[in-house]
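Trainee: Could you walk me through this model, feature by feature? I would like the general idea each time, and then the case at hand.

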Amino acid sequence: MHNSCRLLILQASPRKESRVVNAASAISEIVKNAGGEIRVINTCQLQVRPCNGCMKCRETGICILPHDDMKTVADAIQWCNALLVAAPTYWANIPGLLKLLFDRMVPVLIKDGPSGHFPIPLHKGKCYAVITACSTPWPFNRLIGESSAMISAVKRIFRYSGFKYVGSIQMGGNRSFSESNCEHLAKALLRS
Ligand SMILES: Cc1cc2nc3c(=O)[nH]c(=O)nc-3n(C[C@H](O)[C@H](O)[C@H](O)COP(=O)(O)O)c2cc1C
């Protein structure tokens with residue numbers, strides 16, 4: 001029984017019949033059945049202002065912009081010990097609204113180290129995984145850097161946060177999720 005898993009799912013597709021949302025739901029069921037707790041945030045429904053680039057949060061840990069839905073996500077990231085980013089591949093990258101949200105997450109994920117150069121990770125001991133889908137068929141979605149570039153973009157964002165990467169699912173072309181892939185990823189999240 002993995003009753004200590006607190007999984008936050010950030011799902012970032014605006015579509016009802018989204019492939020990434022369907023795959024994330026399958027993983028959510030597996031984690032729930034293993035005793036884990038789940039929170040789901042549909043990032044397409046959030047009202048989040050764009051980062052203004054002032055860099056004040058690097059010194060203070062606090063964003064100077066007026067409160068918006070960023071707070072909901074920040075609180076959920078503090079709550080979770082496992083994170084699943086479920087987002088489609090747009091222009092071989094993460095969707096714009098999700099990127100905007102991650103820009104605002106700087107003070108939640110890292111803080112400036114004493115030298116001011118190397119950030120201190122704020123989520124050591126936690127883990128994350130990524131699910132994406134794209135229209136480029138397998139294996140080209142990986143080979144020419146479509147879904148694989150999207151995964152790399154997420155990894156770069158989480159690189160300094162302390163979250164440990166435990167795996168990903170890339171659905172190319174018309175492929176839907178495979179149950180065994182979802183089971184594998186759920187187990188990786190539960191193990192960590
Ligand atoms: C704005 C936009 C950009 C896209 N860019 C790419 C792309 O760069 N490469 C690709 O293979 N598919 C691209 N697609 C196709 C989506 O990745 C594909 O429809 C995916 O299945 C959507 O995931 P979802 O079903 O979870 O919403 C794009 C779709 C949209 C709407």
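Mentor: Here we go through the sheet, the helix packing, the ligand shell and the backbone.
Mentor: This is a predicted model, in which local features need pLDDT of at least 70, side-chain atom pairs count only at pLDDT 80 or more, and totals for chains, interfaces and linings use all residues. Residues are numbered from 1 along each chain as its sequence is written.

Trainee: In what order do the strands of the open sheet run?
Mentor: Helices (H or I, at least four residues) and strands (E, at least two) are DSSP runs, numbered from the N terminus, and two strands pair if DSSP finds at least two bridges between them. Here 5 strands form an open sheet in the order β2-β1-β3-β6-β7, with parallel pairing. β2 (37–42) and β7 (164–171) are the edge strands, each pairing on one side only. Strand β6 (residues 127–133) pairs with β7 over 7 bridges in the parallel sense, and Ala 133 stands opposite Met 171 in β7.

Trainee: At what angle do α1 and α8 pack?
Mentor: Axes are lines fitted to C-alpha atoms, for helices over the stretch in contact, and angles run from 0 to 180 degrees between N-to-C directions. Helix α1 (residues 19–33) and helix α8 (residues 179–191) pack at about 50 degrees, with their axes 9 Å apart. Angles under 35 degrees count as roughly parallel, over 145 as roughly antiparallel, 65 to 115 as roughly perpendicular and the rest as oblique; α1 and α8 are therefore oblique to each other.

Trainee: Which residues of α1 and α8 meet?
Mentor: Contact requires C-beta atoms, placed from the backbone, to lie within 7 Å. Among those that meet are Ala 23, Ile 27 and Ile 30 in α1 and Cys 182, Leu 185 and Leu 189 in α8. By class, this contact of α1 with α8 has 10 nonpolar, no polar and 2 charged residues (Ala, Val, Leu, Ile, Met, Phe, Trp, Tyr, Cys and Pro count as nonpolar, Asp, Glu, Lys and Arg as charged, and the others, Gly among them, as polar).

Trainee: How many residues surround the ligand?
Mentor: A residue is near a molecule if its C-beta atom, placed from the backbone, lies within 6 Å of it. The ligand is surrounded by 16 residues, the closest being Ser 13, Ser 18, Pro 88, Cys 134 and Thr 136. The shell divides into 7 nonpolar, 6 polar and 3 charged residues.

Trainee: Which residues does a cis peptide bond join?
Mentor: Most residues other than glycine have a negative phi, and most peptide bonds are trans. Trp 138 and Pro 139 are joined by a cis peptide bond, with omega about 5 degrees. Pro 139 is found in the loop between β6 and α6 (140–143). Met 55, a residue other than glycine, has a positive phi near 70 degrees.

Conventions
Two residues are in contact if their C-beta atoms, placed from the backbone, lie within 7 Å.
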